[in-house]
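Please walk me through this protein structure in plain terms.

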Amino acid sequence: MGNSSYPSMAMANSQIVDVVMASHPIFDRKMNIAAYELLFRHCYGDECAIISNYDDATNKIISDGFSLASSRLGNVIKLTVNVGIQNIISKNLLALPPSRVVFEIPSITTVSPELLDSCEELKASGYKFLIDNYTVDNPCAEELIHLASYVKIPIGKTRGRLIAGIKKFISKWDVKVIASRIEDWESFEGCKALGFDYFQGFFFARPKDIIGKKISSHKVSRLNLICMLSDENIELQKLVNAISADQAFSIRMLQFVNSAAFPLGTKVDSLARAASLVGLDSLKKWAMAAAISDLDASDKGIELSYMTIHGAIFLSKIADFLSSQQFDHDTLYLLGLLHNLDAIMSMNMIDIVKDMPINSNLKQALMRDQDEQLTQFLLLLDAICSDQWEHAREILHGIGVPLPRAAQLYMQAEHDTVNLLELTSSIS
């Protein structure tokens with residue numbers, strides 16, 4: 001029954017995207033972890049630690065890194081985050097919880113009245129600051145230190161007498177002092193004797209990569225559209241408004257309506273008119289197929305999209321054959337469209353369907369609940385895709401569809417799938 005020949009689909013790159021961070025522990029005097037410094041990485045390994053733009057790196061931490069770090073490191077220990085001038089002035093940092101983060105400001109930061117005012121506002125909102133790589137000969141650092149709760153002094157190979165002098169100089173401010181870049185036992189013991197509060201360096205631990213995944217913004221928008229389309233109570237105008245927000249998708253919809261599939265006799269150039277002419281059901285079916293085919297542009301994704309849409313059309317034809325109110329056309333079509341979504345999205349099906357506006361029967365079937373009657377239709381698709389013909393025959397017999405008739409419906413569904421995908425991929 002299977003056939004892997006289908007039209008080539010030009011689609012935007014919408015793969016799952018890696019998120020790479022690193023954490024470097026900061027210890028207290030009893031060698032307990034007091035905080036983790038959260039470090040942005042643009043790839044894996046130490047060679048990816050060079051940061052040319054603190055503002056951009058911090059924005060990536062705000063958007064993805066903080067939640068990833070919190071899930072891996074826990075929700076109690078504080079995280080220190082390197083920030084840039086624009087991060088502070090723009091107030092983007094307000095997206096992070098003041099109870100969890102400490103902002104690290106490079107000691108070489110150029111201080112302006114605008115920056116100082118923004119720091120004061122953030123401090124008043126409960127945020128704390130750390131001056132990174134402090135040196136006594138840096139006037140910028142001295143302008144910022146009165147705002148700080150912590151100061152980090154790089155130890156490295158610096159002589160003990162010089163370190164003692166820096167520590168004494170800082171003692172006139174009410175700040176906790178962190179000894180960083182500690183590389184041996186002697187440095188650690190010396191700093192401890194000098195009264196440093198916290199310690200960090202390769203002597204204790206190296207930064208450890210935290211690797212996670214996020215869905216690209218393109219995939220997020222398509223998944224949101226799929227969720228909307230799965231709502232049987234959605235209003236036509238709401239759907240039109242959602243499609244209108246995506247220019248490329250809107251053009252594709254107009255091409256679909258003006259295609260040979262709808263001999264309207266006149267060209268339609270308005271989404272609202274197009275929707276009213278083809279009807280909500282037809283529009284939803286096309287938009288769902290188009291959205292699913294957009295999710296993954298890889299060879300694997302294209303194959304899965306074809307199988308998914310083919311399976312959905314096949315199940316809807318089975319519903320028409322059975323003429324049963326229990327297993328209606330739209331329900332089985334939607335079930336078929338959603339059944340491979342976990343593989344296409346590289347996500348757990350539970351996470352995908354939990355917020356979808358679909359009934360509990362569909363949700364249980366998608367999670368392969370053996371007590372749900374709809375599950376048997378997904379098991380049928382699974383059996384066909386894996387060439388388990390005896391199992392497929394048993395399921396078809398159980399639902400009352402003769403094998404020869406099922407074969408005819410499957411071939412008809414294949415033809416309809418090719419035609420539909422040609423319409424969904426008419427532009428890139």
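**Helix pairs, rings and loops**

The crossing of helices H9 and H11 is right-handed; a crossing is called left-handed if the near helix is turned anticlockwise from the far one by less than a right angle, and right-handed if clockwise. This is a predicted model, in which local features need pLDDT of at least 70 and side-chain atom pairs count only at pLDDT 80 or more, while totals for chains, interfaces and linings use all residues. Residues are numbered from 1 along each chain as its sequence is written, and side-chain values use heavy atoms, with hydrogens and water left out.

H9 covers residues 247-257 and H11 covers residues 280-294. Their axes come within 11 Å and cross at roughly 130°. Axes here are lines fitted to C-alpha atoms, for helices over the stretch in contact, and angles run from 0 to 180 degrees between N-to-C directions. H9 and H11 are therefore oblique to each other: angles under 35 degrees count as roughly parallel, over 145 as roughly antiparallel, 65 to 115 as roughly perpendicular, and the rest as oblique. On the H9 side, Phe-249, Arg-252, Met-253 and Phe-256 take part in the contact, which means heavy atoms within 4.5 Å. Their partners in H11 include Leu-283, Trp-286 and Ala-290.

A second pair is formed by H17 (residues 375-385) and H18 (residues 389-399), which pack at about 150° with their axes 8 Å apart. H17 and H18 are therefore roughly antiparallel to each other, and their crossing is left-handed. Among the residues making this contact are Phe-377 and Leu-380 of H17, and Trp-389 and Ile-395 of H18.

These helices belong to a chain with 19 helices and 9 strands. Helices (H or I, at least four residues) and strands (E, at least two) are DSSP runs, numbered from the N terminus. Of the 428 residues in the chain, 48% are buried. Buried means under 20% relative accessible area, exposed over 50%, and partly exposed in between (1.4 Å probe, protein chains only).

Next come the aromatic rings. Rings of Phe, Tyr and Trp (its six-membered ring) pair if their centres lie within 6.5 Å; planes under 30 degrees apart count as stacked, over 60 as edge-to-face and the rest as tilted. By this rule there are 13 aromatic pairs. In one of them, the ring centres of Phe-188 and Phe-204 are 5.2 Å apart and the planes stand at 90°, so the pair is edge-to-face. Phe-188 is in helix H6 (residues 185-193), and Phe-204, 16 residues away, is in the loop between strands S8 (198-199) and S9 (208-215). Phe-188 is buried, with a relative accessible area of 3%. Ring pairs also join Phe-188 and Phe-204 into a cluster with Phe-27, Trp-185, Phe-199 and Phe-203.

Met-31 is partly exposed, at 32% relative accessible area. Asn-133, with phi near 55°, sits in the loop between strand S5 (128-132) and helix H4 (139-145). Asn-133 is partly exposed too, with a value of 26%.

In strand S5 there is also Ile-131. Ile-131 is buried, with a relative accessible area of 0%.
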